Amino acid sequence: MTARALRNGPERSRDEQFVGRSRELAVLHAQLVRAGEGRSGLVVLEGPAGIGKTALAGEFLSAIENALVLDVSGEEGEAELPYGVLGQLAPQVDPLPEPLARLAAPGAGCPDPLAVGAALLELLGRVQRGTPVVMAVDGAGWADLPSLHALTFALRRLRTDRVLALLIVRESDDPRLPEGLRRLLRSSAALRLPLGGLSARELQALSARIGPVRLTPRAAERLHEHTRGVPLHARALLQQVRAETLADVDAPLPAPRAYTTLVLDRLGRCGPSAQRLLTAAAVLGTPAPLHLVAGVAELAEPLPALERATGAELLVEWRTGAGVSVGFPNPLVRAAIYHDLGPATRRGLHLRAADLVDDVVQRLHHRLAAADQVDAELVREVARTGRRQAAAGHWPSACGCLTRAVQLTGEGPDRDRLIAEAVAALLAAGRPADAAALAAQLAPAADPAVRGYALGSVALVAGRLEEAARRLDDAWAHAGDPSWSAGIAARQALASLLRGDAPAAVLWSDRADRVVPDAALPEGGAGAGDGGLVRFARLLGLGWAGRLEEAYALCAGLGTPGQAEPGELDALLGRGVLRLATDELGGAHGDLGGALAAGAGASAAFQLLAATGVAQVEYRLGRWDEAAAHAELAASTADDLGQVWLASYAHAVAALVPAARGEWDRAAAHVRAARAACLPGNVPALIAAAVADAVTAAARGDHEAVVTALTPLTGARLPGGTAVALWRTLLADALVSAGRLEEAEKALLPCEPPALDGERRGVLAAAARARAGLLAARHEPAEAETLYQVALGHSAKLDRPFEEARIQLAYGTFLRRRGRRAAAAEQLEAAQLTLSRLGALPYLEQCDLELAASGRAVLRPQDTARLGLTPQEHTVAVLISKGLTNRQAARKLVLSVKTVEYHLSHIYTKLGITSRTALIGRLSELGE
């Protein structure tokens, strides 16, 4: 009897519509591998009805090869049938041991569960000799009790068996399960695998599988919010709702038919007043104060109705300082009630809501929903409201109003203008796919300025710079209206930056400002959002062009981040980037952090640039945990909001910390993403992707890979600036390590004079370190040592701990090779402390090797980790053991004295000691 023959009994076919769950599938397959090695496992798949537990189990079981699958399930209608579940084993395994063999026989009665459990254990022991076994129990909450008792008996006795048990339940603490089984499922013997909803991306993939259209990212997000990612509901709506309704993110979605029936049945059992309260809440649509819902429902005393509605689990309430608010348990309940309303009832409730709500956008929404026929004046009001929302930077509501105005406007110039304005709002809101779809609706004969602006804007955000420049040039040539000219010039300024043409960026930003000063675009044009990065483009263009004094002069009237007006945020962002480039890291952090905090509702591009800028400053300041968090935020913003034009920059910055810490998989993933988003003509993307690749390779010690990554930049026409200068020092380091000294000299020459002219200490320090390494390779030790000291001198005036540690590491290595071991150890120990604090493991390993070669005992974080010390505690322990006071250690680690004392108390507790002398002794023992 072969395993494959057994496998074919309860065969499950693979679901072609199955998407997602890659992590859970990986866990299940890993558990199967463990079982094959004789380490039995128990996995509990749990989650609410419809979440996809059975589908996931089916996908896993259908992919299994070279294992025996025993697949049984419980059924609500058979919960009282003794051994209804274990009796399903009969057609799957032959022969069955007694008393399992008698379970399916007529009149078998109800054997003792312990005897049946022993027989099941015997069966598993026999069949696992030839192949691993997977025993899957679906719907365990509906299984009969005798089967569950027998199953518990067997599962408790699996230890070194080649068996993986898979139980599928709604919750592991389900009261319908026997207490013994519940204890087992809650114990460490079980691996609980709870399932949540599918993500918006997975729903987008599911829509492509089901057809007929693949949802846009925004439409997938809307479906995710509506269904909370529950696959049962999402599939039902994808199959039930028309494709155009699914794609229209402003059209209300219904509830699945089966779910609607359940909700309406509960609604029908509520009294009339509760029904009125529920229908009023459904019309309002969002969580609302109880008094507002009661006003729409015309209920003077809403509390009795609320009590009945919450008792039926159709409403939820919560109390705040402002009073009682109500909402629905999930969006599907609201959709079921709302879509069941008759047209006249719905209209009357919307009119009443329009009279009572305060928010102008919500009021307009209710008026539109109540209108039998929308008149021209109402459409104009929708458009005006959308423009005002865009001018205020309220992008979600601006998108809703402007796209609705487009839908309500007939073909012609007015509709084309509205489309272009809506496209700008959608792009600012991070909905480029929706913007592209809407721009495609422009009439072929539309005003060239309007058409070129909309299509050029879409191409720009998609990273298609050649197309963007061509369309925007054509738009500028035909623009007569100042509002459109300003918007076009603003886009051209950004496109020029991406092409690396700093003078053109300054020219176009000046044009935008001359057309409409400070980009204060009038209502009814290209949208105020287009001016949102004009001053940023001007300041960055001036910086790249070497006109820093002029750039800073433009910022003279700009206040601190806390004082900046909303219209000054783009200038604040630009000043922050300039300060970052000129090593004013404290000011840069204030500007960029302030821009990020104040720009929470700003355009997607603004948020991405601010988060990435903050991450760069924090990386240089040695605040790597914060830098990693902000960089990941920027990278996810780029991916989730379709910011292709800036994605390389965001992912490149996100690679810095993991590369320096030796987190190779994470760093490589960001490098791949940066490379993938690097489209032709995008100069910052080209530089960022190459530098991220090179930084990762340098941390690995792969000098040839560094050269390969950076060599293409040497022949490219690139803007000036600190970032460009720094990649040349990185290239020079790699060329020196590869023995290509003349090429290293050529790489360094272009970055040194500009750095001297502008006193860019960060570049001067890096260049001095790189040139010192070159001179050492040329056997010019005196000149090399002088430059190492120059590099340290520049570094001492900056707050860049990682770069200073790299100089100390290089200088210490040089001194050790010259035989000056004591001087080398002094530099290396200083570098070691910083690298240990940062967690820069690849560089710390180099430092440890050099220290060992210098004759110094090396105590590494992994050594003290065996004693339970964290990396931070390790660093504190090493400093204190060297005789530093708490205050001196705090100064070295850029921590407060209280934080050092806190770490020291934990160290003493973990090591079981009470004094510094004892600490020195314990660490000395480890270092031997």
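Helix α30 passes helix α32 in a left-handed crossing. Keep in mind that this is a predicted model. Now look at the helix pair in detail. Helix α30 covers residues 604-621, and helix α32 covers residues 644-654. Their axes lie 10 Å apart and meet at an angle of about 25 degrees. Angles under 35 degrees count as roughly parallel, so α30 is roughly parallel to α32.

Which residues of α30 and α32 meet? From α30 come Ala 605, Leu 608, Leu 609, Thr 612, Gly 613, Ala 615 and Gln 616. From α32 come Trp 645, Leu 646, Tyr 649, Ala 650 and Val 653. Sort the residues of this contact by type, and you get 9 nonpolar and 3 polar. No charged residue takes part in the contact of α30 with α32.

Next, move to another helix. Helix α24 spans residues 482-498, and Ile 488 is part of it. Is Ile 488 buried or exposed? Its relative accessibility is 0%. Buried means under 20%, so Ile 488 counts as buried. What does Ile 488 touch, leaving aside residues up to four places away in sequence? The list is Ala 449, Tyr 453, Leu 472, Ala 475, Trp 476 and Ala 479. For a sense of distance, take Gln 607. Ile 488 and Gln 607 are 119 residues apart in sequence. In space, they are 22 Å apart, C-alpha to C-alpha.

Strand β1 holds residues 41-46, and strand β4 holds residues 163-169. These two strands pair in the parallel sense over 6 bridges. Glu 46 stands opposite Val 169 in β4.

Another open sheet has 3 strands, in the order β6-β8-β7. Here the pairing is antiparallel. The edge strands are β6 (288-289) and β7 (316-320), and each pairs on one side only.

Take β8 and its partners in turn. With β7, strand β8 (residues 323-327) pairs over 5 bridges. The two form a hairpin, with 2 residues between them. Thr 320 stands opposite Gly 323 in β8, and Arg 319 stands opposite Val 324. With β6, strand β8 pairs over 2 bridges, again in the antiparallel sense. Here Pro 289 has Ser 325 of β8 as its bridge partner. In a regular strand, side chains alternate between the two faces of the sheet.

How many of the 5 residues of β8 are buried? The count is 4, so β8 is largely enclosed by the rest of the structure.

How values were computed: Residues are numbered from 1 along each chain as its sequence is written. This is a predicted model: local features need pLDDT of at least 70, side-chain atom pairs count only at pLDDT 80 or more; totals for chains, interfaces and linings use all residues. Side-chain values use heavy atoms; hydrogens and water are left out. Two strands pair if DSSP finds at least two bridges between them. Axes are lines fitted to C-alpha atoms, for helices over the stretch in contact, and angles run from 0 to 180 degrees between N-to-C directions. Angles under 35 degrees count as roughly parallel, over 145 as roughly antiparallel, 65 to 115 as roughly perpendicular and the rest as oblique. A crossing is left-handed if the near helix is turned anticlockwise from the far one by less than a right angle, and right-handed if clockwise. Contact means heavy atoms within 4.5 Å. Ala, Val, Leu, Ile, Met, Phe, Trp, Tyr, Cys and Pro count as nonpolar, Asp, Glu, Lys and Arg as charged, and the others, Gly among them, as polar. Buried means under 20% relative accessible area, exposed over 50%, partly exposed in between (1.4 Å probe, protein chains only).
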